[in-house]
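Good morning, and thank you for the time. I would like to speak about voids in a structure and then about helix packing.

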Amino acid sequence: MPVTSQLRKFLLPILIFLLALSLISANFHTHKNMSFLESLVVEITAPVQKVVRDVVKGVGDVWRGYFHLVGLESENTALKGELQELRRQLNDYREAYLANQRLRALLNFKKSIATPLLPAEVVAFDPSGWFQTILIDKGKKDRVVRDMAVVSADGLVGRVIGVSAHHAKVLLILDGNSAVDALVQRSRVRGILAGRGRQRCLLKYVQRNEDVQKGDQVISSGMGGVFPKGLLLGKVENVVRGSSGLFQTVEVEPAADFSRLEEVMVVVQPPPEDPARIGSGKSS
Amino acid sequence: MTIRNVFVYLVLILGAYLFQTVLYPLFILPELRIDLFLILVIHSSFSQGKSRTLVLALFLGLLMDVGLPLKGFFHPLIYLGVALLASPLWHNLNLHSRHYQAIFIGICAMLEGGAIWIILRLQGAELAEVPNMLQILVWRSLTSSLVGPFLLSALERLDQWLSTLMVLQESKQG
């Protein structure tokens, strides 16, 4: 075989590989909305996914309902005890809340404006299983834009990374690509909460001498402009201070239960414009 | 390929997509999830022509990337690679044997996971540092090896049934 034909044989795959690699690196996290193709696929498949999910959810509810009936009496007794305890706690919190209100008024603190929340339903999950993303049934038509925070009743869920007309793609805080500027609520120690997949996060860049203990609540710091300050992220599950190194390893269990994620809320507060983009005159 | 075959393939693709996006996260552990698109690409490499398989691989790859935090051409690259690898192997080696098919599917699943691991590693993602990613990768490859040949067999039977149906129809018309 002549040398030129051998070269030609290898040239095409190499060119395709290089092209694909450059497309991956060039396109990663750069688009504001989903592409036309992505939007088309999402708009076609999402309604079917929603129907299938509703059917599965319905069957699951009936199944769970049956099992819940078993042992209902003992559960009822336990819940009554729990209710008493919660009532006492509620009273304590009410007192603390009133004291807080009075102190705020005294110090002339500006009362924070309540952020509007948009309820949304989870339609689908990441098809590959390697990443941690969900698809929700609210999109551009509902004023959802990229980088809006998504929360559940328990805490922060993630942020919007792609939007089509009626749906949005959300990157969960569990994903390895997710990073949230966070604070340890008790000691105000700062770090970056990065996803590790499978119901675990890692609070990175916390210095070894900083005060972090097991059970500490971790909240969003509000830095970075994507997530509002004070959203509950999770609690510290494990702290490891090695014999060497600058930082300690802080494992965090997310507050939101991602295994039972059905309804979420989008924080409808437009994220601040990136100064770099404004400077360069780019609209995206 | 008749319109009926195209329709059946579209239904299969939609079914696989729904299975992976809706049912997998609810019922199946990450370790036991088989990439059904990968099985479809391999089946197409074995039964359809190279050009058709490449088109299918591209389409399935783009569809897979829709739900991911990556933008375009990541999974198409993987599926195109698998399609390009599977076609010559089918013609030159004894991939008709279920044992070899199991090994081949396992290797493909491992390559796919490995490619994702490399991309995550390049991005500095935390997931890549977790040892259980390797565990998931091994389990997935094993599950794919065990279940994949049965899925391929089912798809072959479907193809046979479609061809029989076509022959019957043609004979009736004749």
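Let me begin with the second largest pocket, to whose lining α1(B) makes the largest share, namely three residues. Helices here (H or I, at least four residues) and strands (E, at least two) are DSSP runs, numbered from the N terminus. This is a predicted model, in which local features need pLDDT of at least 70 and side-chain atom pairs count only at pLDDT 80 or more, while totals for chains, interfaces and linings use all residues. Residues are numbered from 1 along each chain as its sequence is written, chains are lettered from A and ligands numbered from 1 in the order in which they are written, and side-chain values use heavy atoms, with hydrogens and water left out.

The second largest pocket holds about 580 Å³ of space. It has 24 lining residues, and A:Q132, A:R198, B:P25, B:P30 and B:R33 are the closest to its centre. Two or more residues of this lining come from each of α1 and α6 (131–173) of chain B. By class, the lining comprises 15 nonpolar, six polar and three charged residues. Ala, Val, Leu, Ile, Met, Phe, Trp, Tyr, Cys and Pro count as nonpolar, Asp, Glu, Lys and Arg as charged, and the others, Gly among them, as polar.

A word on terms. On a 1 Å grid over the protein atoms alone, a cavity is a set of points where a 1.4 Å probe fits but cannot get out; a pocket is an open set with protein on both sides within 12 Å along at least five of seven lines; and lining residues have an atom within 4 Å of a point. Grid points are joined across faces, edges and corners, and a volume is the space filled by probe spheres set on the points.

How many cavities of 30 Å³ or more does the structure hold? There are four.

The largest share, three residues, is given by β2(A).

I turn now to helix packing in chain B. Axes are lines fitted to C-alpha atoms, for helices over the stretch in contact, and angles run from 0 to 180 degrees between N-to-C directions.

Helix α1 (residues 3–27) and helix α3 (residues 50–66) of chain B have axes that come within 12 Å and cross at roughly 30°. α1(B) is therefore roughly parallel to α3(B), a description used for angles under 35 degrees, with over 145 counting as roughly antiparallel, 65 to 115 as roughly perpendicular and the rest as oblique. From α1(B), the contact (heavy atoms within 4.5 Å) involves B:I13, B:Y17 and B:Q20. The contact residues include eight nonpolar, one polar and no charged.

α3(B) also packs with helix α4 (residues 75–92) of chain B, at an angle of about 155° and with the axes 7 Å apart. These two helices are therefore roughly antiparallel. Their contact residues divide into eleven nonpolar, four polar and two charged.
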